[in-house]
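Work through these exercises with the model open beside you. Try each task before you read its solution.

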Amino acid sequence: MRFTRPASHFLFIIFLLSCLAACAGFPDKNQDSSKNNVENFRKDLKECKDDYPEAGSGVHIREWINCMNLKGWK
């Protein structure tokens, strides 16, 4: 099936908006001000990625967000 130009543009726009929405919801600030720095963020994110490896369906991103929330990142 071949998409017409407006349909393909519409799908591309929906894809971009969903990517932006997913990135906007990722935690980036820790409740503990002493842990609120780039090094701790990277360490905690690496631990979450190790605990929840990437899956083709995208569920791993939700798991990473939940893991980061448990570590105090909001």
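**Exercise 1. Decide how helices H2 and H3 are oriented to each other: parallel, antiparallel, perpendicular or oblique.**

Solution. 
- Step 1. Know what to look for. Two packed helices are described by the angle between their axes and the distance between the axes.
- Step 2. Locate the pair in this predicted model. H2 covers residues 38–51, and H3 covers residues 59–70.
- Step 3. Read the geometry. The two axes come within 9 Å and cross at roughly 130°.
- Step 4. Apply the cut-offs. Roughly perpendicular covers 65 to 115 degrees, and roughly antiparallel needs an angle over 145.
- Step 5. Conclude. H2 and H3 are therefore oblique to each other.
- Step 6. The crossing of H2 past H3 is right-handed.

**Exercise 2. Find which residues of H2 meet which residues of H3, and sort the contact by class.**

Solution. 
- Step 1. Start on the H2 side. Phe-41, Asp-44, Leu-45, Cys-48 and Lys-49 take part.
- Step 2. Cross to H3. The partners there are Trp-64, Cys-67 and Met-68.
- Step 3. Sort by class. The contact of H2 with H3 holds 6 nonpolar residues, 2 charged residues and no polar ones.

**Exercise 3. Identify the residues of the largest nonpolar core and say where they come from.**

Solution. 
- Step 1. In soluble globular proteins, nonpolar side chains tend to be buried together.
- Step 2. List the members. The largest nonpolar core has 6 residues: Leu-45, Cys-48, Trp-64, Cys-67, Met-68 and Trp-73.
- Step 3. Assign the sources. H2 and H3 each supply at least two residues of this core. H3 gives the largest share, 3 residues.
- Step 4. Check one member. Cys-67 is in contact with Cys-48 and Tyr-52, leaving aside neighbours within four places in sequence.

**Exercise 4. Is Leu-45 buried or exposed, and is Glu-63 buried or partly exposed?**

Solution. 
- Step 1. Leu-45 sits in helix H2. Glu-63 lies in helix H3.
- Step 2. Take Leu-45. Its relative accessible area is 15%. Buried means under 20%, so Leu-45 is buried.
- Step 3. Take Glu-63. Its relative accessible area is 26%, so Glu-63 is partly exposed.
- Step 4. Look around Leu-45. Leu-45 touches Phe-26 and Met-68, not counting residues up to four places away in sequence.
- Step 5. Compare sequence with space. Leu-45 and Trp-64 are 19 residues apart in sequence, and their C-alpha atoms are 7.4 Å apart. Glu-63 and Asp-51 are 12 residues apart in sequence, with 9.2 Å from C-alpha to C-alpha.

**Exercise 5. How many helices and strands does the protein chain have?**

Solution. 
- Step 1. Count the elements. The chain has 3 helices and 0 strands.
- Step 2. Read them in order. The pattern is α-α-α.
- Step 3. Check burial. Of the 74 residues, 16% count as buried.

Conventions:
Residues numbered from 1 in each chain as written. Predicted model: local features only at pLDDT ≥ 70, side-chain atom pairs only at ≥ 80, totals over all residues. Heavy atoms only, no water. Axes fitted to C-alpha atoms, helices over the stretch in contact; angles between N-to-C directions. Helix = DSSP H or I, 4+ residues; strand = E, 2+ residues; numbered from the N terminus. Parallel < 35°, antiparallel > 145°, perpendicular 65-115°, else oblique. Left-handed = near helix turned anticlockwise from the far one by under 90°. Contact = heavy atoms within 4.5 Å. Nonpolar A, V, L, I, M, F, W, Y, C, P; charged D, E, K, R; others polar. Core = buried A, V, L, I, M, F, W, Y, C linked by side-chain atoms within 4.5 Å. Buried < 20%, exposed > 50% of the residue type's maximum accessible area, 1.4 Å probe, protein only.
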